[in-house]
Amino acid sequence: MACTYTRRVRMTAGVCVFFALIATCVMLQSASAKPANLREITDGNWEEILTGEWMIEFFAPWCPACQQLQPVWNEFAEWGEDIGVNIAKVDVTEQPGLSGRFIITALPTIYHCKDGVFRRYQGARSKDDFLSFIDEKKWQSIDPVSSWFGPSSFLMNAMSALFKLSMFIRHCHNYLTEQLGVPVWGSYGIFALATLISGLVLGLILVFIADFVFPSRRFAPDYHHRKLPPGQARLLQQLEDEQEADGEEEDDDDEYSGKTEEWRRVDGADALRRRGVGVPEEDT
């Protein structure tokens, strides 16, 4: 009798342990399935959102509103596969480039994306509201983001690089002040000096490039002619032609105060006529 009772107790305990193991496996499986439904977007894989339909949340861990929204967003992500929408999130503290690329000025910010066309979500933030926004296609009534401010435009690429640079400078400042013990004013002085030097170097490079692409007009052969009035330019051109024909030119500093003089033959005779520029002609 005692043996039968002992066997029953053992069987009951074994069944309880078995069901406990099953329940644990189900809970672990469901817990591991949540991160798979909620995608994380970074600077390295953000171009994936240009294909298909997405709902993207921009948040920061220190933001109270983001902390309140996070459970709702995780619950909404569980429906992503059923409604055919990719649910994602972006931590702006870890991805400053994406923060600049999408011009995130408030947290949390939610974007809807359909085949590379972005719209900013402005509605209520509950799971049912998100589901109706997708099922009823309410996003079609929202004006899309202009192509000038799209995340793949040149302007937003530059903005992303600027945000990355600002975060890099911040990390450098923290390293100088916290790790190396440099005073705050010393860190600011280092950055000011680096900015001045980089500006001078960049300006010098731009001057060289501009001079190479657009050389100065002073080196053009007809530069001085273009600067003269039309009458004087024609007179100067005639004098140069006569000098090339005769092949002779002299300077008479004593009589004509350093003005250019020209000799040429007249009517095939051996006599020469001297004429200075700006001086009345005389026969000799």
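Is Cys66 buried or exposed? Cys66 is buried, with a relative accessible area of 1%, where buried means under 20% relative accessible area, exposed over 50% and partly exposed in between, with a 1.4 Å probe and protein chains only. The model is predicted, so local features need pLDDT of at least 70 and side-chain atom pairs count only at pLDDT 80 or more, while totals for chains, interfaces and linings use all residues. Residues are numbered from 1 along each chain as its sequence is written, and side-chain values use heavy atoms, with hydrogens and water left out.

**The chain as a whole**

- The chain holds 10 helices and eight strands; helices (H or I, at least four residues) and strands (E, at least two) are DSSP runs numbered from the N terminus.
- Of its 284 residues, 25% count as buried.
- Contact means heavy atoms within 4.5 Å. Among contacts between residues at least 6 apart in sequence, 53% join residues at least 24 apart.

- Cys66 belongs to helix α2.
- Not counting residues up to four places away in sequence, Cys66 touches Glu57, Phe59, Ala60, Leu107 and Pro108.
- Cys66 and Pro108 are 42 residues apart in sequence, yet their C-alpha atoms are 5.5 Å apart in space.
- Leu107 and Pro108 are joined by a cis peptide bond, with omega about -10°.
- Pro108 is placed in the loop between α4 and β4 (109-114).

**Helices α2 and α5**

- Helix α2 (residues 64-77) packs with α5 at an angle of about 45°, and their axes are 9 Å apart. Axes are lines fitted to C-alpha atoms, for helices over the stretch in contact, and angles run from 0 to 180 degrees between N-to-C directions.
- α2 and α5 are therefore oblique to each other; angles under 35 degrees count as roughly parallel, over 145 as roughly antiparallel, 65 to 115 as roughly perpendicular and the rest as oblique.
- The crossing of α2 and α5 is right-handed. A crossing is right-handed if the near helix is turned clockwise from the far one by less than a right angle, and left-handed if anticlockwise.
- From α2, Leu69, Val72, Trp73, Glu75 and Phe76 meet Lys127, Phe130, Leu131 and Ile134 of α5.
- By class, the contact of α2 with α5 has seven nonpolar, no polar and two charged residues. Here Ala, Val, Leu, Ile, Met, Phe, Trp, Tyr, Cys and Pro count as nonpolar, Asp, Glu, Lys and Arg as charged, and the others, Gly among them, as polar.

**Helices α6 and α7**

- The axes of helix α6 (residues 154-179) and helix α7 (residues 184-213) come within 9 Å and cross at roughly 135°. That angle makes α6 oblique to α7.
- α6 passes α7 in a right-handed crossing.
- Ile169, Cys172, His173, Leu176 and Thr177 of α6 meet Val184, Ser187, Tyr188, Ile190 and Phe191 of α7. The residues of this contact divide into seven nonpolar, three polar and no charged.
- His173 lies in α6. Leaving aside neighbours within four places in sequence, His173 is in contact with Val184, Ser187, Tyr188 and Phe191.
- The C-alpha atoms of His173 and Ser187, 14 residues apart along the chain, are separated by 6.4 Å.

**Length and burial of α6**

- At 1.5 Å a residue, the 26 residues of α6 should span 38 Å, and the end C-alpha atoms are 37 Å apart, which agrees. The expected span is 1.5 Å times one less than the number of residues.
- Met156, Ser160, Met167, His173 and Leu176 of α6 are buried.
- The cover over the buried residues of α6 includes α4 (96-101) and α7.

**Residues with positive phi**

- Most residues other than glycine have a negative phi, and most peptide bonds are trans.
- Asp115 is not a glycine, but has a positive phi of about 55°. Asp115 is found in the loop between β4 and β5 (117-120).
- Lys137, also other than glycine, has a positive phi near 55°.
- Lys137 sits in the loop between α5 (127-135) and α6, and is partly exposed, with a relative accessible area of 46%.
- Gly181, which follows α6, has a positive phi near 75°.
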